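Here is a short briefing on one protein model. Look through the sequence and the 3D view, then read the points below.

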Amino acid sequence: MIQLMFIFFYIGLFTIGGGMVAIPLIQQQVVERGLITEAFFHQIIAIAESTPGPIGVNVATFVGYQLHGVLGAILTTTSFILPSFLIVSFLAKLILKYR
């Protein structure tokens, strides 16, 4: 589960441009490591597209849920969102400091 957290933290850190940009990186990291199959990944994308919310977050949540249940879903979603949260918080402090 720790490996999955690091994978989604990495994906969240290096995907700039939204969830659609994250899909190929998620596929590369999760499918090529053998955590899920290619066919199942395509099913995850179809489900993530049909549910409300950002597709990157939906894919992260669904992969975490399929691999480790509710705890996995919470951890992968948090790991995916955390880099953006930290970067925006840091930039907000800089803006407040130097405005």
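**A buried threonine**

Thr15 has a relative accessible area of 13%, so Thr15 is buried (buried means under 20% relative accessible area, exposed over 50%, partly exposed in between, with a 1.4 Å probe and protein chains only). The model is predicted: local features need pLDDT of at least 70, side-chain atom pairs count only at pLDDT 80 or more, and totals for chains, interfaces and linings use all residues. Residues are numbered from 1 along each chain as its sequence is written, and side-chain values use heavy atoms, with hydrogens and water left out.

**Around Thr15**

- Thr15 sits in the loop between helix H1 (2-14) and H2.
- Its side chain reaches the backbone oxygen of Ile11 at 2.6 Å. This is a polar contact, meaning a pair of N or O atoms within 3.5 Å; within protein, one must be able to donate a hydrogen and the other to accept it, and residues adjacent in sequence count only if both atoms are side-chain atoms.
- Leaving out residues up to four places away in sequence, Thr15 touches Val21, Ala22 and Leu25 (contact means heavy atoms within 4.5 Å).

**The whole chain**

- The protein chain has 4 helices and 0 strands. Helices (H or I, at least four residues) and strands (E, at least two) are DSSP runs, numbered from the N terminus.
- From the N terminus on, the order is α-α-α-α.
- The C-alpha trace spans about 50 × 25 × 25 Å along its principal axes.
- Of the 99 residues, 34% count as buried.
- Take the contacts with a separation of 6 or more: residues 24 or more positions apart account for 47% of them.
- The accessible surface is about 6100 Å², and 70% of it belongs to carbon and sulfur atoms. Such areas come from the Shrake-Rupley method with a 1.4 Å probe; for residues, only the protein chains shown count as cover.

**Ile11 in H1**

- Ile11 has its place in helix H1.
- Is Ile11 buried or exposed? Ile11 counts as buried because its relative accessibility is 0%.
- Beyond its neighbours within four places in sequence, Ile11 is in contact with Ala22, Leu25, Ile26, Gln29 and Phe80.
- Ile11 and Gln29 are 18 residues apart along the chain, and their C-alpha atoms are separated by 8.4 Å.

**Where H2 meets H4**

- Two packed helices are described by the angle between their axes and the distance between the axes.
- The axes of H2 (residues 19-31) and H4 (residues 55-98) come within 8 Å and cross at roughly 40 degrees. Axes are lines fitted to C-alpha atoms, for helices over the stretch in contact, and angles run from 0 to 180 degrees between N-to-C directions.
- H2 and H4 are therefore oblique to each other. Angles under 35 degrees count as roughly parallel, over 145 as roughly antiparallel, 65 to 115 as roughly perpendicular and the rest as oblique.
- Which residues meet here? From H2 come Gly19, Met20, Ala22, Ile23, Ile26 and Val30; from H4 come Ile55, Gly56, Val59, Val63 and Phe80.
- The residues of this contact divide into 9 nonpolar, 2 polar and no charged. Ala, Val, Leu, Ile, Met, Phe, Trp, Tyr, Cys and Pro count as nonpolar, Asp, Glu, Lys and Arg as charged, and the others, Gly among them, as polar.

**Two residues of H4**

- Thr77 is found in helix H4. Thr77 is buried, with a relative accessible area of 16%.
- Apart from residues up to four places away in sequence, Thr77 touches Val57, Ala60 and Thr61.
- Phe85 is also found in H4. Phe85 counts as exposed because its relative accessibility is 53%.
- Phe85 and Gly12 are 73 residues apart in sequence, yet 9.9 Å apart in space, C-alpha to C-alpha.
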